[in-house]
Amino acid sequence: MAEETEIENNINEDKPVSFEEEVETFLINLHDFVYHRNADAIKKLFDTDFYTISEIYFKNTRWPSIKLVDNFYKQKNRFHNLIHSLYEELYYRHVFIINDITLEDRKNAWDNYKCLLNFISTICTDLSGDSNDNVLVMPHVWIYDFLSEYVYQYQSMCHFKVELLKEPEKNLKGIDFIIKNAEVFESSIVLEVLHSLLLKAEFTTLPEEEKSTFVNNVFSINNDDLTSKYQFGYFACCILLNLHVLMGDYHTALKLISNIELNHKALYWKVTICHISIFYNIAFCYMMLKRYNDSIKILSQILIYLSKQKIHLSNQQRYQQSLIHKLIDKMYLIIIICHSLTNARLDETILQHIKENYSNKFYALQSANEQTYADLFFRVAPKFIDPLSNISFQLLANFQNLQNQAYNSDPTLRQMYIFLKDVTYQKKAFYFISYAKLYHNIQLKKLGDLMNYKDEDDENVCSNIMCVKNCSRQLIWKDGPLYTGETITYNFGSSFDFYIDLDILNIKTKAQQKIFIDYFVHQINMCKNLLNNLQGNGSNNIYKTKYDHFRRKNKNKNKNKQNNLQITVE
């Protein structure tokens, strides 16, 4: 970084600037394609060429400095502020990829995002009545990647702040920098920007009756001709789903994503990584909200589809393939976790794939302890963030730590403890149900003795039974927004209910016993008819004919035997 700064200081604007041939071609095409609004060519440039050139020339180093590239554009008479900002966004994206980040990089990246998002917000706001949407024509992939990178750098900043607070005495320089540049990736500003893009798309403000028709007409029929504000608003909604999951706000995440419809004609199908990310985040929200059946249901749809699209997935770029396979792996593990907590029936295709590739984890959870669930949770969970405000950060940084206690704020651990708490109740429910199946009614004291409760913990039996009762109630989505659902009682595959009357637990069997009376009566009647036919008492049919023929044949045989016996005697 120091060498790069020294090179920038020695740049002579009159001296010709040259790079590798592929790099120069990329920079010229970046200007020309954006200027001529060629969305397909821009897609190839961002999706393929940028990562290919990075792999060849800049695998572990930075791209040419921004000031150097500006001089290159000026010498080619192609300099423009928009092109400058687009290249700067790519430049810092690559810096985060190679993990060569400084404090100045974070600030400069934020300033560039602020500039670009202000420009995008301007073209999405139509105050004069004239359409400004044709100013910037970008492919769907770039819009999603741009907003996704924005959230990724915000996520990186949140983790960086937490790391600084763990050892404030050793990180005085970093803490001082963040306090002086308080607005850099501030949580409230990031949320405000994304929600602003979403609201400007207008489809979120429509009544529920009109929203479905509007979304189908705009986002399903004519995706290629969508205006910029609708595309940015649509993908901002998808990114907000991911952001609220990172913050642990699952209900708000489901409420936001309910603004778009999940069908095979929706806009997110245009971007494969967006498609998979949406279903993963929805399923994770359902799992954390204890809606395990809905989580299995939503994941079954996407995984069955992906199992038939292996060729399509193999055609994705290398950097996307690794991310896609990680998300698919997480989705299968979520299904395994939810299945172990509900015993819901799985699709044969998914079950077969699980037994072939995840058999150890699948069978381990059948009688697993909390540690197994904790290990799997760390594998399926996203990298949660602690959205510290500037005021909170300053208070924690200036806190007089007299007892030398390190600041320990791990949001992933917090979410894991919440999840394991419900797992404990679910496992207690299975344990309780195994005893409840044996009785129609049982005293609470006797049940406590069977479940190894101590004498002083008799009161806990009643509270645990109520926890089991609460765990058996789940919201099941059937129609409408994803955050809604119908409350049903689901007793973990069992077909009974229970209630407490004084100190006695009453178990009520809800399953209708199979009635075999009609079946046996039908079989008896068939047997009687068969006997009657064989004896000749019934109607003439094939059985009577065969029986008569059998009698005549045996009668003749008996006569011949008797005649032979008489001749022998004589």
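The largest pocket lies between domain 1 (15-100) and domain 2 (287-394), because both give residues to its lining; the domain bounds come from an automatic or database domain assignment. The model is predicted, so local features need pLDDT of at least 70 and side-chain atom pairs count only at pLDDT 80 or more, while totals for chains, interfaces and linings use all residues. Residues are numbered from 1 along each chain as its sequence is written, and side-chain values use heavy atoms, with hydrogens and water left out.

**Largest pocket**

- A pocket here is an open set of points on a 1 Å grid over the protein atoms alone, where a 1.4 Å probe fits, with protein on both sides within 12 Å along at least five of seven lines; lining residues have an atom within 4 Å of a point.
- The space in the largest pocket is about 1800 Å³, a volume being the space filled by probe spheres set on the points.
- Its lining has 47 residues, and Glu-149, Tyr-152, Tyr-319, Leu-323 and Lys-326 lie nearest the centre.
- Among the elements giving two or more residues to this lining are H3 (39-57), H7 (140-166) and H16 (318-342); H7 gives the most, with 9 residues.
- Helices are DSSP runs (H or I, at least four residues), as are strands (E, at least two), numbered from the N terminus.

**Salt bridges**

- The count is 14 salt bridges, each a side-chain nitrogen of Lys or Arg within 4 Å of a carboxyl oxygen of Asp or Glu.
- Asp-105 pairs with Arg-62, with the closest N and O atoms 2.6 Å apart. Asp-105 is in helix H6 (residues 103-124) and Arg-62 in the loop between H3 and helix H4 (66-75), so the pair ties together parts 43 residues apart in sequence.
- Both Asp-105 and Arg-62 are buried (under 20% relative accessible area; exposed is over 50%, partly exposed in between, with a 1.4 Å probe and protein chains only).
- Arg-62, Asp-100 and Asp-105 are linked in a network of salt bridges.
- Arg-379 and Asp-329 form another salt bridge, at 2.9 Å between the closest N and O atoms. Arg-379 is in helix H19 (residues 370-380) and Asp-329 in helix H16, 50 residues apart.
- Arg-379 is partly exposed, at 39% relative accessibility.

**Tyr-439**

- Tyr-439 sits in the loop between helix H21 (411-436) and strand S1 (441-443), and is partly exposed at 25% relative accessible area.
- Leaving aside neighbours within four places in sequence, Tyr-439 is in contact (heavy atoms within 4.5 Å) with Lys-446, Leu-450 and Ile-507.
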